[in-house]
Amino acid sequence: MGRPVYLGKAYINWCEKCNVPLIGDSCAVHGKESVFRLNITPPGDLRFAFERDIELIRSIFQEHYGVDVGEIFDGKIVLLNKTPGEDDSYEIILDGYVFGWIRFDPLELKWKPGLKVEGATALWKRFGKAMKKWIVVDEGAIEPILNGSNLLPVGIIEAEQSIRRNDDVILVSQAGEVIATGIAKKDYSGLASKERGTGVKVRRQRSINYREGRKATMEDVLRANSIELERKVMEARRFMRKVATRYSDLPIAVAFSGGKDSLAVLGLALEEFGDEGFTVFFNNTGIEFPETLEYVEELRRELEPKGIKFIVADAGDAFWRALHVFSPPGRDYRWCCKVTKLGPITLSIKENYPKGVLMFVGQRKYESIKRFKQPRVWRNPWVPNETGASPIFHWRALEVWLYIFSRNLKYNPLYEDRLDRIGCFLCPSASLAEIYTLKEEKPELWAKWEGELKRWQKRFGMPDEWITYGFWRWKKLSKGEKAIARDLGVEIPEERSWEPVKYSMVENDDGTFTVRFNTIVNLERIREVASILGEVEEGENYIRAGKVTFRPDGAYTDDFNEGVQAYYLVKRAYECVGCGVCVGKCPENALSIDPRSKKILVNPELCTHCRECMDVCPLLKIKNPEEGSQL
């Protein structure tokens with residue numbers, strides 16, 4: 001339920017008789033009598049495990065523990081809870097307890113498993129010494145371990161021979177009961193020879209909730225949650241109707257990405273506004289998965305005959321053109337969102353609904369801290385004509401999937417390919433685990449992006465690890481990435497820089513300023529945008545815009561700040577990728593995109609030199625486009 005600092009402890013209710021998770025505090029079949037609470041790691045944004053997820057878990061545990069956990073999972077409802085970590089990490093939940101977890105190691109670039117005492121108990125009861133990574137401890141060591149002590153080698157009776165340092169292991173009593181799990185601090189040889197020092201760092205676990213529940217189906221889950229699910233659905237629909245009434249002067253639309261959250265909002269909109277009709281906006285960023293495009297097209301063919309209008313905000317090849325101007329995007333350098341998303345959607349809204357639109361979106365507070373702090377209704381400063389509202393703001397992924405299954409909505413098939421998040425296939429916000437899943441599941445897409453990265457690797461003089469370990473996802477390395485680079489023993493520059501147009505400014509003896517560029521100033525191109533800075537005057541071999549005079553050899557002004565603005569104007573004139581963000585922001589409708597050059601044009605008769613377009617241009621300023629103002 002959000003990160004701990006904001007949302008406190010996280011938990012899931014469970015019906016012991018149905019052996020299914022509950023989104024409320026009561027089971028629709030058995031009431032409250034068989035319901036208990038299971039504490040989980042925040043933020044608690046649980047989801048159901050798909051068949052391919054189970055296959056991955058089985059392979060990870062098979063490699064480490066030498067046994068097939070599929071026998072334990074068979075016929076059970078399995079949940080995955082994404083938890084904070086260096087990279088992707090998931091708690092595995094079934095039968096009302098946390099079985100264990102899998103986490104992606106960003107140094108070894110592989111998934112690793114771990115067991116809670118409950119999961120270790122389940123495996124030991126079924127496989128015993130046929131499994132790997134176990135240690136039998138002396139009876140005298142049990143009480144100290146349960147009281148929080150680590151295990152010393154002298155307390156070991158027997159150990160399985162495959163144990164290596166830093167392996168997850170289980171500790172078993174001589175009577176055959178699992179007492180704890182932990183991390184081996186020595187190889188088998190050091191444990192067996194009673195080498196001095198800590199043998200196993202034991203995990204602290206207060207209670208054991210192990211139970212073996214009956215088999216259950218998704219129909220069982222839906223039946224047990226039917227009352228609470230419909231309550232949430234009705235609350236979301238009431239919210240949508242209330243907001244639509246409040247903004248009755250705006251047409252209704254749904255932002256559809258092809259992912260589960262926007263699908264749930266689309267389903268809710270069909271229930272609440274289906275008879276009245278509304279518009280679906282799909283933003284084709286040009287870097288979508290092919291499966292997503294096919295899926296959206298199927299939905300369009302299904303819904304348009306029912307009176308639902310589809311509008312595609314198509315970025316075309318904008319990303320690939322902009323890549324040569326900006327360099328690869330980063331988590332701290334998300335120019336891609338403005339170029340491929342905000343620009344096209346802004347232009348589409350302006351073209352189709354110039355007076356504005358009420359956009360229902362699948363935004364949830366569990367997705368990030370920024371989204372948690374954002375209001376449920378907001379105005380996006382990057383898309384001036386859009387008022388956004390999130391009907392499922394308080395829903396967890398579990399509730400989203402229950403709604404989708406309950407309505408038998410067709411969802412994106414990529415979810416069944418181990419892709420937890422649907423969006424741009426090369427998103428810099430992706431984890432290393434997601435990148436390596438992309439490599440495995442969609443090698444042709446990864447090869448295309450890797451080819452581009454290799455060109456930038458050579459240009460920046462980066463080592464191979466810049467790509468292999470995902471350092472390209474930062475313009476300026478985070479503390480965590482710096483630590484990984486140190487552990488790997490590789491030199492990665494703390495910050496990469498790419499500026500096609502560069503400038504220097506010199507203060508002259510008379511107090512004026514000369515701005516020099518690393519290129520000749522093209523006055524014909526400057527003429528097309530010069531009005532942004534002020535009234536334009538043209539002369540022989542110069543153009544004056546406001547307080548700045550442009551000549552082929554540079555720009556001249558008596559104002560330092562205007563010198564900086566001159567650089568910004570040259571940068572925009574040369575490097576504009578035609579994203580259209582500024583077009584939507586212009587209050588006078590003075591801007592347009594040249595269909596041939598894909599660069600901005602300024603109508604000098606309409607431009608009032610307000611420079612608002614300067615404030616939103618991704619060439620000049622990169623901000624998080626999720627930030628909005630409360631309504």
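Is the crossing of α7 and α8 right-handed or left-handed? I find it right-handed. I am working from a predicted model throughout.

**Helix pair.** I took α7 as residues 218–246 and α8 as residues 260–273. They pack at an angle of about 70°, and their axes lie 10 Å apart. Angles from 65 to 115 degrees count as roughly perpendicular, so I logged α7 and α8 as roughly perpendicular to each other. I then listed who makes the contact. From α7 come V233, A236, R237, M240, R241 and A244. From α8 come V265, L268, A269, E271, E272 and F273. I sorted the contact by class and got 8 nonpolar residues, 4 charged and no polar.

**Sheet.** Next I traced an open sheet of 5 strands. Its order is β4-β5-β6-β7-β8, and the pairing is antiparallel. Which strands are at the edge? They are β4 (46–48) and β8 (110–115), each pairing on one side only. From one strand to the next, the twist averages 30°. L79 has I93 of β6 as its bridge partner. I also saw a helix on this sheet. Helix α2 (residues 51–65) touches β4, β5, β6, β7 (97–105) and β8. The direction of α2 makes about 75° with that of β8.

**An enclosed helix.** How many of the 10 residues of α14 (residues 432–441) are buried? I count 8, so α14 is largely enclosed by the rest of the structure. The buried ones are L432, A433, E434, I435, Y436, T437, L438 and E441. Their cover includes α2, β5, β7 and β8. It also includes α15 (443–460) and α16 (465–468).

I kept the general rule in mind: most residues other than glycine have a negative phi, and most peptide bonds are trans.

- The peptide bond from P42 to P43 is cis, with omega near 10°. P43 sits in the loop between β3 (35–40) and β4.
- N19 has a positive phi, near 55°. I place N19 in the loop between β1 (10–15) and β2 (20–22). Its relative accessible area is 4%, so N19 is buried.
- R611 has a positive phi too, near 70°. R611 lies in the loop between β27 (600–602) and α21 (612–616). The cut-off for buried is under 20%, so R611, at 19% relative accessibility, counts as buried.

Key
Residues are numbered from 1 along each chain as its sequence is written. This is a predicted model: local features need pLDDT of at least 70, side-chain atom pairs count only at pLDDT 80 or more; totals for chains, interfaces and linings use all residues. Side-chain values use heavy atoms; hydrogens and water are left out. Axes are lines fitted to C-alpha atoms, for helices over the stretch in contact, and angles run from 0 to 180 degrees between N-to-C directions. Helices (H or I, at least four residues) and strands (E, at least two) are DSSP runs, numbered from the N terminus. Angles under 35 degrees count as roughly parallel, over 145 as roughly antiparallel, 65 to 115 as roughly perpendicular and the rest as oblique. A crossing is left-handed if the near helix is turned anticlockwise from the far one by less than a right angle, and right-handed if clockwise. Contact means heavy atoms within 4.5 Å. Ala, Val, Leu, Ile, Met, Phe, Trp, Tyr, Cys and Pro count as nonpolar, Asp, Glu, Lys and Arg as charged, and the others, Gly among them, as polar. Two strands pair if DSSP finds at least two bridges between them. Buried means under 20% relative accessible area, exposed over 50%, partly exposed in between (1.4 Å probe, protein chains only).
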